[in-house]
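Here is a friendly note to read alongside the model. Please keep the structure open and look up each residue as you reach it.

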Amino acid sequence: MNHDLLMKRCISLGYKALGKTYPNPNVGALLFYDGKIISEGFTKEHGNNHAEINVMNKICDNEVLKKSTLYVTLEPCSHHGKTPPCCEAISNKKIKEVIVGINDPNKLVNGRGINYLRNNNIKLKTGILENECKKLHKRFLTFQNKKRPYIILKWAETLDGFISPKKQKKNRPYWISNIFSRQLVHKWRSQEHGILIGGKTYENDSPILNSRLWDNNNPEKFILTKNKNFKDSNYNKINDEDLFTVNEISDYLYNKNIQSIIVEGGSKTIENFINNGMWDEARIIQNSKELNDGIKSPKIKGRLKNEFQLMDDNIKIIYPI
């Protein structure tokens, strides 16, 4: 059997669950038996079954399970949470062999799932497509290892480098990107745990900040504001009186168990994250229109990871150097 090819399939399954499993990681898994995949799946919404359980539950023949190999992108859990430990369920089914992409750094797991399986005489292999599995689980890994959310900065800018005009219609956004890019942004929102804006953006645009153009899997909303009278039940308010540093914002989100956040503005809010080196990814949509004057877009240095066109929009994905 080709371990890499089968793990690649697990990774693609994991991406199908992206944004729908928080605070659990979006794990993909499959069962391989007699030269073919006999079951596959991914982790469901929080409180429901993990990927390993979902794929095993599809097979009723225990004799087949005993002769099958389980592939999974992340180490099976070993603790009781909303669901029982996956490693115990795997052992109870007497799965022949387990192939794992990467270890789970969560202190509640951190090798215990792997050790449990080995101690119960299940063959086990780890580190299959390790880099690809780390990319799949980058939000979960950042949260566990760096004790903060995975931070994505996003903005749209004109060709001459403005994020918005200096004056705009009150409570109405000024659209720079086209409708296709706006739909893509809604897809991006649906994949993240939270979304963050500054108070000025809220006052100027009254943004809805949902994923209605994609699938309505909406992130939690956070606003940075010093306005003591701010009241909006749709938002989590950060920053009552004192100006939070980005480290304090990060700590606040971590303590709220937010594993990923997309920062959508405004320019000052985004620049605070850039200037403090507190970001993991930037997504910039540049339209061909020009404003000649307005609020300057943020400036960022990094390595270009990807670039593509959507009609008259040029989209760049930038990672830190």
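1. Begin with arginine 189 and glutamate 264, both of which are buried; buried means under 20% relative accessible area, exposed means over 50%, and partly exposed is in between, with a 1.4 Å probe and protein chains only. The two residues form a salt bridge whose closest N and O atoms are 2.8 Å apart. For a salt bridge, a side-chain nitrogen of Lys or Arg must be within 4 Å of a carboxyl oxygen of Asp or Glu. Arginine 189 belongs to helix α8 and glutamate 264 to strand β11 (residues 260–265), so this pair ties together parts that are 75 residues apart in sequence. Helices (H or I, at least four residues) and strands (E, at least two) are DSSP runs, numbered from the N terminus.

2. A word on what you are looking at. This is a predicted model, in which local features need pLDDT of at least 70 and side-chain atom pairs count only at pLDDT 80 or more, while totals for chains, interfaces and linings use all residues. Residues are numbered from 1 along each chain as its sequence is written, and side-chain values use heavy atoms, with hydrogens and water left out.

3. How many salt bridges does the structure hold? There are 12 salt bridges. One of them joins glutamate 192 to arginine 139, with 2.8 Å between the closest N and O atoms. This pair links distant parts of the chain, 53 residues apart: glutamate 192 sits in the loop between α8 (179–191) and β8, and arginine 139 sits in helix α7. Both glutamate 192 and arginine 139 are buried.

4. Stay with helix α7 for a moment. Helix α7 (residues 138–146) is mostly covered, as seven of its nine residues are buried. Among the buried ones are Lys138, Phe140 and Leu141. Just after α7, lysine 147 has a positive phi of about 55 degrees.

5. Now look at strand β12 (residues 281–287), which contains arginine 283. Arginine 283 counts as buried because its relative accessibility is 6%. The side chains of glutamate 281 and arginine 283 meet in a salt bridge (2.8 Å, N to O). Glutamate 281 is buried, as is arginine 283. Salt bridges that share partners join Lys138, Glu281 and Arg283 into one network.

6. Asparagine 287 also has its place in strand β12. Is asparagine 287 buried or exposed? With 4% relative accessibility, asparagine 287 counts as buried.

7. For another pair, find isoleucine 99 in strand β4 (residues 97–102). Isoleucine 99 is buried, because its relative accessible area is 0%. Isoleucine 99 and isoleucine 128 are 29 residues apart in sequence, and their C-alpha atoms are 7.4 Å apart in space.

8. Next come the strands around β9. Strand β8 (residues 194–198) and β9 run parallel and are joined by five bridges; two strands pair if DSSP finds at least two bridges between them. Glycine 194 stands opposite glutamate 220 in β9. On β9 there is also a parallel pairing with strand β10 (residues 236–238), over three bridges, where phenylalanine 222 has asparagine 236 as its bridge partner. Strand β9 (residues 220–224) is mostly covered, with four of its five residues buried.

9. Strand β14 (residues 303–310) and strand β15 (residues 313–319) run antiparallel, joined by seven bridges. In their hairpin, which has two residues between the strands, methionine 311 takes a positive phi near 55 degrees.

10. Finally, turn to leucine 213, which lies in the loop between α9 and β9. Leucine 213 is partly exposed, because its relative accessible area is 33%.
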